[in-house]
Amino acid sequence: FIRAVAPTIGGINLEDVAAPECFDIDKAVHNDLGIPFFHDDQSGTAIVVTAAIQNALKITGKNIADCKFVFSGAGAAALACADLLIHVGADIKKFHIFDSKGLIHTQRVLDDNKRRFAQQNDASMRESLVDADIFIGLSKGNLLVSDDIKNMAQNPVILALANPTPEILPNDAKAARPDAI
């Protein structure tokens, strides 16, 4: 359908297609349409998250290549964010990505989209948050409590983006970490 309508319109915004199907669709048509092709969950979220992180890192004076990232969520939005962050200089080895089964690590059976982000060892989210510079939440509300973020690095960047309820409310994050961005 996408290939059939592409010659008649100026661009396509794919909406609400879940992973892994959205990755397959994107790979199948993205480069050969001749028009802009955009998947809102992937591209839209990744662009906004990357811009927010780049701005936060200017405030903190941190270099993206040195930052430790913890992701809650490993769907289309989270993996697209990870890819774009790598594109702008983040180190894939410093990504700790959690899905509904826990940390993505090498002892788990993983699809190709997740396998490349696998850590060597298993850990809890709280353990992974120790000395983390950036938390990106794209999963479910009320996942974190104040104690979860207390051991993050100085000036942690916390993007709690679960909708409609974030992983941690901004006031709770600031109460636990007054230096949080």
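User: In this predicted model, why is Cys67 called buried?

Analyst: Its relative accessible area is 1%. Buried means under 20%, so Cys67 qualifies.

User: What makes Cys81 count as buried?

Analyst: Cys81 has 0% relative accessibility. The cut-off is under 20%, so Cys81 is buried too.

User: How many disulfides are there, by the distance rule?

Analyst: The count is 0. For Cys67, the nearest cysteine sulfur is that of Cys81, 15 Å away. A disulfide needs the sulfur atoms within 2.5 Å, so Cys67 is in none.

User: Why is Gly11 called partly exposed?

Analyst: The relative accessible area of Gly11 is 37%.

User: Where is Gly11, and which residues does it contact beyond four places in sequence?

Analyst: Gly11 sits in the loop between α1 (2–5) and β1 (12–14). Beyond those neighbours, Gly11 contacts Ile35 and Pro36.

User: How do you know that Lys68 has no salt bridge?

Analyst: The nearest side chain of opposite charge is Asp131, 6.1 Å away. A salt bridge has to fall within 4 Å, so Lys68 has none, although Lys68 is buried.

User: What makes the pairing of Lys68 with Ser128 a polar contact?

Analyst: A polar atom of the Lys68 side chain lies 2.8 Å from the backbone oxygen of Ser128. The limit is within 3.5 Å, so the pair meets the distance cut-off.

User: Where is Lys68, and which residues does it touch beyond four places in sequence?

Analyst: Lys68 is in the loop between α3 (40–60) and β3 (69–72). The residues that Lys68 touches include Lys94, His96, Glu127, Ser128 and Asp131.

Terms used: Residues numbered from 1 in each chain as written. Predicted model: local features only at pLDDT ≥ 70, side-chain atom pairs only at ≥ 80, totals over all residues. Heavy atoms only, no water. Helix = DSSP H or I, 4+ residues; strand = E, 2+ residues; numbered from the N terminus. Buried < 20%, exposed > 50% of the residue type's maximum accessible area, 1.4 Å probe, protein only. Contact = heavy atoms within 4.5 Å. Lys, Arg positive; Asp, Glu negative; His and termini not counted. Polar contact = N/O pair within 3.5 Å; in protein donor to acceptor, adjacent residues only side chain to side chain.
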